[in-house]
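Hi everyone, thanks for coming. Let's take a look at this one together, and I'll talk you through a few spots.

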Amino acid sequence: MPRTDTPRLLAGLYALGAVLLLGQALWHYLVGDYTRILLPALLAPLLLTAALMRLGQQETARLSAYLVLICGYLLVATNLPGEGYLALLWLGLPPVLTLLLLPLGPATLLNLTLAPIWLLLADGGLAMPLSLAYLSLVIATGLAPWGIRHQQALLLATDPRDEECAALKAALLLERLESEVERAELLDQRLAVVVLHLPQLEVTDEPFGTPARLALLGTLCRTVAQHSRDHDLLGRIGGADFWLVLPDTTESGALLVRQRIEEAAAGAMLNDTGGLEVRGATCAHSPGQTIMALKRRLDATTRRLTDG
């Protein structure tokens with residue numbers, strides 16, 4: 001799920017950078033270095049503007065990143081020329097700042113394109129040791145976001161839960177359903193499935209946006225968890241369709257669970273959509289019935305609820 005505090009965090013960092021630039025301008029004024037006051041004094045309002053833009057829409061958020069990057073480049077370009085280790089410290093700032101503000105691909109391309117400029121400003125030439133150090137820094141800083149993305153993709157692929165709610169993914173739910181059918185046949189137990197449909201979910205995105213959609217899904221999952229057992233399995237089989245697998249449960253028991261869920265969902269008030277509307281139906285596994293036959297019945301019931 002997307003983190004809603006990230007824009008505020010970045011906006012706060014941009015504002016902090018503006019405060020530091022104002023402090024730098026004040027320091028230059030106090031020590032009498034008047035020729036170096038102008039740049040930080042001009043860049044500070046730009047960073048404050050970027051902080052406000054970061055809190056806006058997605059388009060302004062992208063522009064704020066480019067604005068901060070331009071400010072950083074100007075600051076580096078004026079402080080990089082020099083000798084000694086201080087210039088080397090400034091040389092390491094552009095690739096790191098670029099990778100923090102831009103996606104990995106464009107950031108790497110921009111760092112390699114601007115490499116001759118930074119190297120010329122650093123020592124007036126393209127010395128081999130300095131060039132190798134800069135390229136090593138670009139590669140090293142690029143490995144971190146690549147590793148994070150790889151880890152996130154791995155976690156997403158192995159996470160049994162749906163991307164938007166706490167329900168199981170469809171593929172895993174079908175695997176667990178097949179196991180429960182085999183278990184019911186082996187132990188001569190009953191098995192029932194409650195089919196749930198959220199009609200509001202289909203019309204929520206456009207008028208209310210993603211937060212309202214996630215609120216609907218989260219409320220449904222919490223409601224089901226409160227009115228079912230720990231070993232019952234709730235899975236999202238489609239966009240607005242869910243199956244609740246109830247091991248060792250008769251059809252009448254599944255009907256009671258469905259009624260409790262529908263009543264509790266109707267009483268759950270949401271800010272944008274009001275009460276939560278849930279359409280439900282039940283399917284019971286018959287002794288000797290194959291998993292494919294049960295799945296066909298569940299698919300037909302799901303289509304009936306969706307069309308109804």
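**A walk through the chain**

Let's start with T219, which counts as buried because its relative accessibility is 6%; buried means under 20% relative accessible area, exposed over 50%, and partly exposed in between, using a 1.4 Å probe and protein chains only. Before I go on, a word on the basis: this is a predicted model, where local features need pLDDT of at least 70 and side-chain atom pairs count only at pLDDT 80 or more, while totals for chains, interfaces and linings use all residues. Residues are numbered from 1 along each chain as its sequence is written, and side-chain values use heavy atoms, with hydrogens and water left out.

Back to T219, which sits in helix α10. Helices here are DSSP runs of H or I with at least four residues, strands are runs of E with at least two, and both are numbered from the N terminus. What does T219 touch, leaving aside residues up to four places away in sequence? A268, L270 and L276, with contact meaning heavy atoms within 4.5 Å. T219 and A268 are 49 residues apart along the chain, and their C-alpha atoms are separated by 7.7 Å.

Okay, zooming out. The chain has 12 helices and 6 strands, and 40% of its 308 residues count as buried. Take the contacts with a separation of 6 or more: 64% of them are between residues 24 or more positions apart.

Now a helix pair. α3 and α5 pack at about 175 degrees, with axes 10 Å apart; the axes are lines fitted to C-alpha atoms over the stretch in contact, and angles run from 0 to 180 degrees between N-to-C directions. So α3 is roughly antiparallel to α5, the word for angles over 145 degrees. On the α3 side we have A65, V68, L69, G72, Y73 and V76, meeting L93, P94, L97, T98 and L101 of α5.

Last stop, the largest pocket, with a volume of about 1,900 Å³. A pocket is an open set of points on a 1 Å grid over the protein atoms alone, where a 1.4 Å probe fits, with protein on both sides within 12 Å along at least five of seven lines; lining residues have an atom within 4 Å of a point. The volume is the space filled by probe spheres set on the points. There are 49 lining residues, and L10, Y14, R54, L100 and L101 lie nearest the centre. Which helix gives the most to that lining? That's α1, with 12 residues.

Technical notes. Angles under 35 degrees count as roughly parallel, over 145 as roughly antiparallel, 65 to 115 as roughly perpendicular and the rest as oblique.
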